[in-house]
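I am keeping these notes for a reader who is new to the structure. They cover what I looked up, entry by entry.

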Amino acid sequence: MDELLLVVFVAALILFLPLTILIILLQLRRDQESRMDELWREMSAIRKGMKDSASGAEPSGTKKTEPEKKPIPAIKPEPAKPFQEPVFKASLESPLPPKPKPAVASFTAPAPPREPSAFETAAKETLHRIWNWIIVGEEHVPTGVSMEYAVASQWLLRIGILILIVGVGFFLKYSVEHGLIDPVGRVALSTVTGLGMMIGGTRLLGRKYHLLGQGLLGGGLATLYFAVFAAANFYHLIDQVPAFVLMIVITALAGAIAVRFNSILVAVLGILGGYGTPVMLSTGVVNFPGLYGYMLLLGIGVLGICYWKNWPLVNYLSFAATYLLFFGSMRAYEVSHFWEVMPFVAGFFVLFSTMTFLYKIVNASKSNLLDLLALLINAGVFYAVAYRLVEEAYSREWVAAITLSLTAFYTAHVFIFLRRKLIDRELLVVFIGLAAFFLAVTMPLVLSREWVTASWAIQALILLWIAGKIGSEFLRQVCYVLYAIVLLRFSFVDLRSQFLRAPTAANLPLADYLLQLAERLVMFGVPIASLGGAHWLLQRQQKAAGVVDRANDVEGWIRGAWAMRLIVGVAIAMLFVYLHLEFNRTLGFMYEPVRLPLLTILWIALCGLLLYEVLQRESRALILLLMVFVGGLLVKLFMFDLPAWDVSGRMLYGGPYSFRDAALRLVDFGAVVGFLVGGYALLAGRTHAKTAGVVLGFCGLSMLFIYLTLEVNSLLYTYVEGLRPGGISILWSLFALALILRGIAKSERVVRYLGLMLFAIVAWKVFFVDLSRLDQFYRIVAFLVLGILVLCGSFIYLKFQDSFALKAPSQEEEVP
């Protein structure tokens, strides 16, 4: 399980973060493309206008008119001056008509080809330079020479120097195995060979064989590395301190020569020789401090070169060689070696992290995609290695010390970046993203799984507050991503573990259940409260000027207004789902009969909130959402509540009739009917929501009809069985009479028709159903009451006959 967790973390760091950064960078690139397209359109319009002006074309869209014909004025010659031709001049009273302007056909400029951004161009240029050096030994293909000469001269030199260095190594190893030369002689011979190669290479520099001189210098440096490493770690002729001093001297010399003569070849050969020394002189026994200290010194030398030269190939070779040697030596690692290894692993991480951007910071140049990927890979490798080492030596909880250290490390980078007012948006984005990522990873390592979501929600709120203080739009977007992760974990992990897969609490003591309830309140309440705090912050936040420069920030993917709406919606949804599950469990544990009515009230509260929003804003989406939740409320009543009351096919509640249950049903159904009728009253007069109001009104009438029918039928069945069929008919007649009264009072024809239809159903029911089922006494009572009610309906129509005579049918409302 722990190894699986390690794989998950490494995958998230190495795969998810680079993809996230790539998405961010692609967004930046799209912004730049849109701006370039807009600039191109403006330039095209300017160019077209200039062409129109030059050719005298009429503006597009204007109707060409024929010039008015005027008589041509008489042309009178002026007296000619000496040595001058006569000049003919038109009369000013009638000028010549202007020459018609030729029409120019309008055209649409083709869409410009997509131009790569500077960020992409820099990465492509870096790869191109590396490839050129690998092939021909220079960052640019030399002019004036054939490709055959460029490739052959470089590769023959490299292979020759490499063979020479390997030969020296084999000689040292062979002399040891066969005792040909004593250790002092071997080291002295290697030193003399290295110095000789360096002297010879120096004499060749600046001449015809300049390239060969660079190769000899690199080979000489590698041979000197051989000599010092063998003297200290192989033959033990000198102590570690003098050996490190000598290695520092050689490393400084290699860097100085490479920089002074601008020779990548010297640096590459020095790196290959330096890192190849432990492999060539390996004895099978790993001296971790000696090996890793030697590798760290080599890396510091490369770091020094990075200060002066932008040679990415040298950086990548050093990184690859260091970790190849590291993972190769870790086969002999045991837990007891932890403190011999871990400090050097941290040193490698800091070294290569700084190496990635040192030249760019010193020379005020922008980073590119390769730099950011190197930064992410370095962080991923270090975290994976440190996780494994710390977990084996101590425990998983102590890995949090690593993640907190990484958070502090990248936060310090952000602070220095802002303090020095450096301009490199992509690099700052990666620093902020890595700091936020490792901070988020810390909590699952320290806390139990139940509190991870709450801790992430608190982190997101704190980061959002910091984003407002420093004015970082990117950090604000990171907070949104973290809130999205909180929502996913809340929905698919916490709810599932606490409610859907949790053991039953039926036999749990009350004190233990209350403790669990308090834990759940905190566990689910903190993320919801955090979202509320985020909404409050976004309402009051104003971007701070002068802390994060606009050139170092990104455009927001989610605007502030939409973010606040999403946060409110998500918070309400999370609160509703949690309260629904909590009410269902807790009320079922405490007092089962009140569970369904209180759940109904919870649904009505959510629908009431949506109704309030519909009244405040004319939004079709809100109306649709309201109708969806009203539909869910009705589904709950018919699919869950009625089966819970054990309604039979005879429209009767199961079991003996109970006034306690009747009161709970009154709360359950009455609250729904009250909300639906209230919604109709509020929305029927609103133009944008009139249809929704009518639907709510009819749903309310239907629910009231069904509830009264069920309740009266069950009541009469229990206490007055003989009157039950007639009692239902009386109830329906009262309902029909009320509909007719409402329809006449409000001139709502559809409502009156419903009342008349219900009266017709009652009449059919009385003569074809009730007549055979009622006892003689109750038959008399029922028929008398029904007759009076029907007569009341006729009386109402007669009373308001003037209204029907004066008002045309077209003037009445077709719907409520």
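I looked up Arg-617 and found it partly exposed, with a relative accessible area of 38%. The cut-offs are under 20% relative accessible area for buried, over 50% for exposed and in between for partly exposed, with a 1.4 Å probe and protein chains only. Glu-613 is also listed as partly exposed, because its relative accessibility is 24%. The side chains of Glu-613 and Arg-617 meet in a salt bridge, 3.1 Å from N to O. A salt bridge here is a side-chain nitrogen of Lys or Arg within 4 Å of a carboxyl oxygen of Asp or Glu.

A note on the source. This is a predicted model, in which local features need pLDDT of at least 70 and side-chain atom pairs count only at pLDDT 80 or more, while totals for chains, interfaces and linings use all residues. Residues are numbered from 1 along each chain as its sequence is written, and side-chain values use heavy atoms, with hydrogens and water left out.

How many salt bridges does a search of the whole structure find? I noted 10 salt bridges. One of them joins Glu-582 and Arg-520, with the closest N and O atoms 2.8 Å apart. Glu-582 lies in helix H17 (residues 560-590) and Arg-520 in helix H16 (residues 510-540), so the pair ties together parts that are 62 residues apart in sequence. Helices are DSSP runs (H or I, at least four residues), numbered from the N terminus. Glu-582 counts as buried at 4% relative accessibility, and Arg-520 counts as buried at 2%. I also looked up Arg-489 and Asp-494, whose side chains meet in a salt bridge at 4.0 Å, N to O. Both Arg-489 and Asp-494 are buried.

Two packed helices are described by the angle between their axes and the distance between the axes. Axes are lines fitted to C-alpha atoms, for helices over the stretch in contact, and angles run from 0 to 180 degrees between N-to-C directions.

I took helix H14 (residues 452-470) with H16: the angle is about 10° and the axes are 8 Å apart. That makes H14 roughly parallel to H16, a label for angles under 35 degrees. In contact (heavy atoms within 4.5 Å), the residues of H14 include Leu-461 and Trp-465, and those of H16 include Met-523 and Gly-533. By class, this contact has 12 nonpolar, 3 polar and no charged residues. Nonpolar covers Ala, Val, Leu, Ile, Met, Phe, Trp, Tyr, Cys and Pro, charged covers Asp, Glu, Lys and Arg, and polar covers the others, Gly among them.

I then took helix H9 (residues 312-329) with helix H11 (residues 369-393), which pack at about 15° with axes 12 Å apart. H9 and H11 are therefore roughly parallel to each other. Among the residues making the contact are Tyr-316 and Phe-319 of H9 and Asp-371 and Asn-378 of H11. The contact of H9 with H11 has 10 nonpolar, 1 polar and 1 charged residues.

Asp-646 is not a glycine, yet its phi is positive, about 60°. I placed Asp-646 in the loop between helix H19 (620-644) and helix H20 (659-683). Asp-646 counts as partly exposed at 48% relative accessibility. Ser-747 also has a positive phi, near 55°, and sits in the loop between helix H22 (724-745) and helix H23 (749-773). Is Ser-747 buried or exposed? Ser-747 counts as buried, at 17% relative accessibility.

Notes:
Helices (H or I, at least four residues) and strands (E, at least two) are DSSP runs, numbered from the N terminus. Angles under 35 degrees count as roughly parallel, over 145 as roughly antiparallel, 65 to 115 as roughly perpendicular and the rest as oblique.
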